Amino acid sequence: MARPQGITDEEVLAAARAVFLAKGISATVEEVAERCHVGVATIFRRFPTKAGLFTAAMTVSNDAEWARFLERRAEPGRRLTGRESLLDLAQVMLDFSKKMVPLFMMKMSNPSVGDRENAIKRSTWILGAVGELFSQEMAAGRMLEMDPRVAALVWIGAIRQLAMFETLGCSVDGLSHDDFLEGLVDMFCPPAAKRRKK
């Protein structure tokens, strides 16, 4: 029995994401429709091609998480140290990367179906946003001075690499997420005892 037509696009995309991640690009729209308990026509009315459905399902945004992070930074009366702010940022980015990396790997393994232009825009935006945040932290004296673009690339790369390792089933013996995030922040904003004297 088909589900009522009240299914949302997000529900369709969540189902498609699960089906494509489980079965790869060879999964069918019929399998997605079955998982949604709707007819195939319902899926095609919203996403006219399988390629369009795949691309939409494999694309996720962290805009909401990013906005909440910026709101926390700007809360009146809330004084975050550089370390606290960077730990918060690292956690937000790690949480998102753990969702994004499997999808990214699926998109990269099917380049003919991906949306390269939007991926470039999104990556450029993330790099710029993190670089700008780092510039502000450096200007306020809460972070070691360095080229913020280099810092942003290293930061993003380290977090995504941890998510990639976990996606592949790898782990670093005895290194918890908290230990990793603390160590990463130490590289950019060491505790006072570790700072070099000028």
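These legends accompany close-up views of one predicted model.

Figure 1. The chain holds nine helices and zero strands. Read from the N terminus, its elements run α-α-α-α-α-α-α-α-α. Of the 198 residues in the chain, 34% are buried. The accessible surface is about 11600 Å², and carbon and sulfur atoms account for 58% of that surface. Among contacts between residues at least 6 apart in sequence, 71% join residues at least 24 apart.

Figure 2. The mean pLDDT of the chain is 82, and 86% of the residues reach 70 or more. Where pLDDT is low, the predicted coordinates should not be read in detail.

**Figure 3. Helix α1 and its buried residues.** Helix α1 covers residues 9-23, which makes 15 residues. From its first C-alpha to its last, α1 reaches 21 Å, close to the 21 Å expected at 1.5 Å a residue. The buried residues in α1 are Val12, Leu13, Ala15, Ala16, Arg17, Val19 and Phe20. An α-helix has 3.6 residues a turn, so residues three or four places apart point the same way. The cover over the buried residues of α1 includes α2, α3 (40-46), α4 (50-57) and α6 (82-108). After α1 comes Gly24, which has a positive phi, near 85 degrees.

Figure 4. A pair of aromatic rings is described by the distance of the centres and the angle of the planes. The count of aromatic pairs comes to four. One of them is formed by Phe134 and Trp155, with 5.3 Å from centre to centre and 85 degrees between the planes, an edge-to-face arrangement. Phe134 and Trp155 are both buried.

**Figure 5. Trp155 also pairs with Phe188.** The rings of Trp155 and Phe188 are edge-to-face, with centres 5.3 Å apart and planes at 75 degrees. Phe188 is buried, as is Trp155. Through ring pairs, Phe134, Trp155 and Phe188 are linked into a cluster.

How values were computed. Residues are numbered from 1 along each chain as its sequence is written. This is a predicted model: local features need pLDDT of at least 70, side-chain atom pairs count only at pLDDT 80 or more; totals for chains, interfaces and linings use all residues. Side-chain values use heavy atoms; hydrogens and water are left out. Helices (H or I, at least four residues) and strands (E, at least two) are DSSP runs, numbered from the N terminus. Buried means under 20% relative accessible area, exposed over 50%, partly exposed in between (1.4 Å probe, protein chains only). Contact means heavy atoms within 4.5 Å. Accessible areas come from the Shrake-Rupley method with a 1.4 Å probe; for residues, only the protein chains shown count as cover. pLDDT is the predictor's confidence in each residue, from 0 to 100. The expected span of a helix is 1.5 Å times one less than its number of residues. Rings of Phe, Tyr and Trp (its six-membered ring) pair if their centres lie within 6.5 Å; planes under 30 degrees apart count as stacked, over 60 as edge-to-face and the rest as tilted.
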